[in-house]
Amino acid sequence: MTQSAPRTRRGVSGGSVSLADLLFRGSARIAAWLVLALVLGIGLRLALGSAPALARFGPGFLASAEWNAVSERFGALVPLVGTLVTSTLAMLIAVPASFGIAIFVTELAPPLVRRPVAMAIELLAAIPSIIYGIWGLFAFAPFFADHLQPWLTEHLGELPLAGRLFQGPPMGIGVFTASLILSIMVIPFVSSVMRDVFEVVPHELKESAYAMGATTWEVLRHVVFPYTRVGVMGGILLGLGRALGETMAVTFVIGNAHRLSASLFMPGNTISSALANEFTEAVGEMYTSSLVALGLVLFGLTFVVLAMARLLLYRIGRQSGTGRA
Amino acid sequence: MPGSQDPPLKALSPETGLHHGLPRQRAGAGEIHVMRLRFLVPILLAGTSLMLPTVPAAAEGVTSISVAGATFPYPVYARWAAAYHKRTGVKLNYQSIGSGGGIKQIRARTVDFGASDAPLEPAALREAGLVQFPMIVGGVVPVVNVPGIAPGELHLDGATLAAIFLGRVTRWNDAGIASLNPGLALPDKAITIVHRADGSGTSWIFTDYLSKVSPAWKEAVGRGKAVAWPAGVGGKGNEGVASYVMRIKGAIGYVEYAYALQSHMVHVSLKNRAGRAVVPSQESFQAAAAGADWAHADGFYLVLTNQPGELSWPITGASFILLPRKPDHPKRTTAVLTFLDWAYRNGREMAASLDYVPIPQSVYTLVESRWHETLVTDSGPLFSPANP
């Protein structure tokens, strides 16, 4: 209390820069630079650690599906593809579902229902990922293997091309289960961001549209969506970032096999679960270095995805001119 | 030298320490094993028990011993440590981070001794300046989840087991399996292989066995803590493999014996080198260990898989202790040896009660005489057997 009084006085008087201001500015600047230094440091460390593996395998590291600790030949293709497939599939499930949730909560639900639903979704976000993994392995996987998977394999497995996606023994675990668990984990993040941005659409805009006779869908389509495009993209990216890096829940249900298979029901691997599984017991320089190189690949992948997203946001913002950055 | 005032990461009374060390001993089939992130929790078995000054060697200023290594023998060490602490006041801090981690740490000399399920080869041992000894014997057990098949009912031989894990035998009613099991109703079900996703001494022992009995396996996959599995799904740790096998109908995996027993899993019966079908048991592990020629094994490098003997379980392995040959802190090494000697002599029943097999007496007599010969500093041997 005693400190706040003089600070306000000086702040109001303006002009000269006080010591507190200097300190604050300095520490804020240091914090900002620290983040940058950290990112650089991580990148540098990963590059150094992966140098032996990259020197030996070259760019072929990204294209090789081999992962053999006995002959010490390693390639990143399987976990890289696994990471991309599970994240993509998870986003394909999570984004429409989150849209639905956000629209329901902001536009359609009666006020009495809104708060409980919104709170329930935020609670979902607070559940540790390992709980989702355990649920996936002990509750969802057996149910899926016994009831859904045989049906899917029987009815979709015979399709000409897409059928290959649904073949395989009903194990309940695999790429599809991992993607589904991931999507459930991502939904709270995406939907709560979407809900927040939907809520800031000015009432004047929406009410004007309603006044002109627009239906709820038309208001959403022509007023809410264009207005919130950037925010929605931000929410999706937040979810994608989480999906790319998620480790424990995926490790539980993906099956952890270094093999490429066409079927979504077969086991696979992701970069982060390969790291979690193998790092502690990796012996030999090449093995350890290859694992670090996997980390570098994930680092690069995240960077590329984020950069592409930024670019997309920038384009959208320029085209529409309504984007709120 | 750490004193007793070391800030323990987790100080437990002997009773709770024991309990913590042995969740899997009590875990039933339906419990969640995977929750144990034991590699994250370096356990310190501490306590408030009485100091009994009757064991002199251990009390020479060394009040705690640190160990890192295999997860497989961890429950045994935990129980020994609790009992030893009660008797002598010396604590044992066992970090069960895995065999590879144990080797790394003893190489860096950050622990007093390391524990590994796979022995280091003599050349690697010399290069790292270490010595190794067997401490505990255990077995790796193939476990299955095939409807209608009870423990020990399914008979397999090495070649068939290798063919299954190579992905060449893909259904349970395959002619090869059926010919070994006349009269057993084998379902027309796909075989799902479950292997370890992490590097593991258990995998090392298992793939060593497959390499010995199947040239095709040796050629295509080989032996290692982590290999390129031709087929199947990977589970993390014994818990991961066990839960996958129990979840997936038609699955076959491999876990440590104690684990299979306590999770009530369905083990198979294997044809051993003598051509006899044996089931995993303390007796069949002991038979494999007893037949082994430890005296002529350089650096105790001996793998107990596919040993001769009518009763020998073919996938038996020993868990090893790694010690520095020229210790920086001889007193600490003496404290370690005193503890191990005590465990050899007094820990047999404790080990057996946890379904581990203590090494035969002839072997530990040999080990202790080897300590006396090799672990010598300028001031004399670090350890003298009490009754040589």
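The secondary structure of chain A in this predicted model comes to 12 helices and two strands, where helices (H or I, at least four residues) and strands (E, at least two) are DSSP runs numbered from the N terminus. Read from the N terminus on, the elements run α-α-α-β-β-α-α-α-α-α-α-α-α-α, and the C-alpha trace of chain A spans about 75 × 55 × 40 Å along its principal axes.

Helix H9 of chain A, residues 216–245, has 30 residues, yet its end C-alpha atoms are only 37 Å apart, short of the 44 Å that a straight helix would reach at 1.5 Å a residue; the expected span is 1.5 Å times one less than the number of residues. H9(A) bends by about 65° at Arg229(A), the bend being the angle between axes fitted to the seven residues ending there and the seven starting there.

Chain B touches chain A through a contact (heavy atoms within 4.5 Å) that takes 37 residues from chain B and 31 residues from chain A. The area buried between them, that is, the accessible area (1.4 Å probe) lost on being put together and summed over both, is about 2,500 Å², of which carbon and sulfur atoms give 59%. Lys236(B), Tyr244(B) and Arg247(B) supply 20% of the area that chain B buries against chain A, more than any other three residues.

Across this interface the rule finds one salt bridge, defined as a side-chain nitrogen of Lys or Arg within 4 Å of a carboxyl oxygen of Asp or Glu. Asp146(A) forms a salt bridge with Lys249(B), with the closest N and O atoms 3.6 Å apart.

The largest share, four residues, comes from H4(B).

Residues are numbered from 1 along each chain as its sequence is written, while chains are lettered from A and ligands numbered from 1 in the order in which they are written. Local features need pLDDT of at least 70, side-chain atom pairs count only at pLDDT 80 or more, and totals for chains, interfaces and linings use all residues, while side-chain values use heavy atoms, with hydrogens and water left out.

Definitions and conventions. Buried area is the accessible area (1.4 Å probe) that two parts lose on being put together, summed over both.
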